[in-house]
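Please open the structure in your viewer and keep the selection panel at hand.

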Amino acid sequence: MNITICFDKLPPEPWVQGLQQAFPQASVSAWAPGAPVADHAIVWAPPQQFIDEQRGLKALFNIGAGVDALLQLKLPPSLKVVRLDDAGMSVQMAEYVCHAVIRHFREFDGYDADTQTGKWSYRKPRSRADFAVGVMGLGVLGERVAKALQVFDFPVNGYSRSAKNLPGIRCFSGAQGLPEFLAATRVLVNLMPLTPETENILNQSTLSQLQKGGYVINVARGRHLVEEDLITLIDSGHLSGATLDVFRTEPLPAEHPFWRHPQIIVTPHTSARTLREESITQIVGKIQALQRGEAINGVVDPQRGY
Ligand code: NAP
Ligand code: GLV
């Protein structure tokens, strides 16, 4: 069994070593143009040349949850594309989003500013009931985030493509459910995959349907958000700010207005990192399951785009 590894802007060596150790029966190597076709591939944003040369792969394992970059390529229709299925990401995402929601709700940025000037000043307690959090995308990450927010007694809404029923979460679905979901939400958390249906979904029209004082947390993909519309709505006072981890261009260019906007917090696409050990364990388990002829989780449906 041969496994090839092809990453954009990420050194493959630690993965080659880790995978070889976890799966001694396999022969693992980093891809180079012209290499023989392997049985399985582990990739992050590979070039089209890789796909064209590696015809005959049994499966392509993506070392992230989002497969939008991969689905931009011309893939053979029969190729099985497998995403990471949590592998330690959901707890990180829950930490990040709960931190962002609580930082906003408890006005910790205001206390940080007071610390700078030595000012002792209380802010009035705000009502949790007025801070309904709406999680767009109730998949592996979104459901974990929604459940984590419930621990702090925030009212939690959820939005997905298919209808769901999750205890204590007000669930909305489909295009017809979106206006009601937005109207019931003050703090919006985006955890949908980037697909033709969801690209630019956070725009002037949808964001202005959030409750007054709304707040946006985008941890999915930059292309979900129309960036100018967010700034317009914050500057008009309808929205109170945003925490953004993902951007249309990454790294975020130095001249981008988000860096200097006082109501926008920027982090460098770090809300849920791929953890190498957990990911290798998951991928090796899935390759072995495929060898035994068993079904595996996380197989991407190219028609849905996730
Ligand atoms: P997932 O398990 O595939 O869940 C996707 C969710 O989005 C599902 O609930 C799905 O609905 C919903 N959805 C898809 N298309 C929709 C649409 N058109 N309208 C409404 N809902 C829609 O994905 P995941 O593992 O939770 O990951 C979500 C995304 O997070 C990834 O695709 C990736 O872009 C992003 N991500 C970011 C980071 C980071 O560090 N910033 C890290 C990891 C992942 P159904 O349940 O009905 O299918
Ligand atoms: C990171 O953004 C991922 O999709 O895993």
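Begin by selecting S173, which counts as buried because its relative accessibility is 16%; buried means under 20% relative accessible area, exposed over 50%, and partly exposed in between, with a 1.4 Å probe and protein chains only. S173 belongs to strand β8, residues 170–173. Helices (H or I, at least four residues) and strands (E, at least two) are DSSP runs, numbered from the N terminus. Apart from its neighbours within four places in sequence, S173 is in contact with Y159, S160, R161, S162 and A163, where contact means heavy atoms within 4.5 Å.

Before continuing, note that this is a predicted model, in which local features need pLDDT of at least 70 and side-chain atom pairs count only at pLDDT 80 or more, while totals for chains, interfaces and linings use all residues. Residues are numbered from 1 along each chain as its sequence is written, chains are lettered from A and ligands numbered from 1 in the order in which they are written, and side-chain values use heavy atoms, with hydrogens and water left out.

Next, colour the two domains. Domain 1 comprises 2–87 + 275–291, and domain 2 comprises 89–266; these bounds come from an automatic or database domain assignment. The C-alpha centres of domain 1 and domain 2 are 32 Å apart. Their contact involves 12 residues from domain 1 and seven residues from domain 2.

Now select ligand 1. Which residues come nearest to ligand 1? Of the 31 residues around ligand 1, they are R83, L141, S162, K164 and Y306; a residue is near a molecule if one of its heavy atoms lies within 4 Å of it. This shell has 15 nonpolar, nine polar and seven charged residues. Here Ala, Val, Leu, Ile, Met, Phe, Trp, Tyr, Cys and Pro count as nonpolar, Asp, Glu, Lys and Arg as charged, and the others, Gly among them, as polar. Both domain 1 and domain 2 supply at least three residues each to the shell around ligand 1. Helix α6 gives the most, with three residues.

A side-chain N or O atom of Y306 is 2.5 Å from an oxygen atom of ligand 1. A backbone N or O atom of V140 lies 2.9 Å from an oxygen atom of ligand 1. On its own, ligand 1 has 940 Å² of accessible area, of which the protein covers 93%; accessible areas come from the Shrake-Rupley method with a 1.4 Å probe.

A polar side-chain atom of H269 lies 2.7 Å from an oxygen atom of ligand 2. For R221, a side-chain N or O atom is 2.8 Å from an oxygen atom of ligand 2. Taken alone, ligand 2 exposes 190 Å², and the protein buries 85% of that.

Finish with some backbone details. Most residues other than glycine have a negative phi, and most peptide bonds are trans. Select E250 and P251, which are joined by a cis peptide bond with omega about -5 degrees. P251 is in the loop between β11 (239–244) and β12 (264–266). Then select D86, whose phi is positive, near 75 degrees. D86 lies in the loop between β5 (80–82) and α4, and counts as partly exposed because its relative accessibility is 23%.

Note on methods. A polar contact is a pair of N or O atoms within 3.5 Å; within protein, one must be able to donate a hydrogen and the other to accept it, and residues adjacent in sequence count only if both atoms are side-chain atoms.
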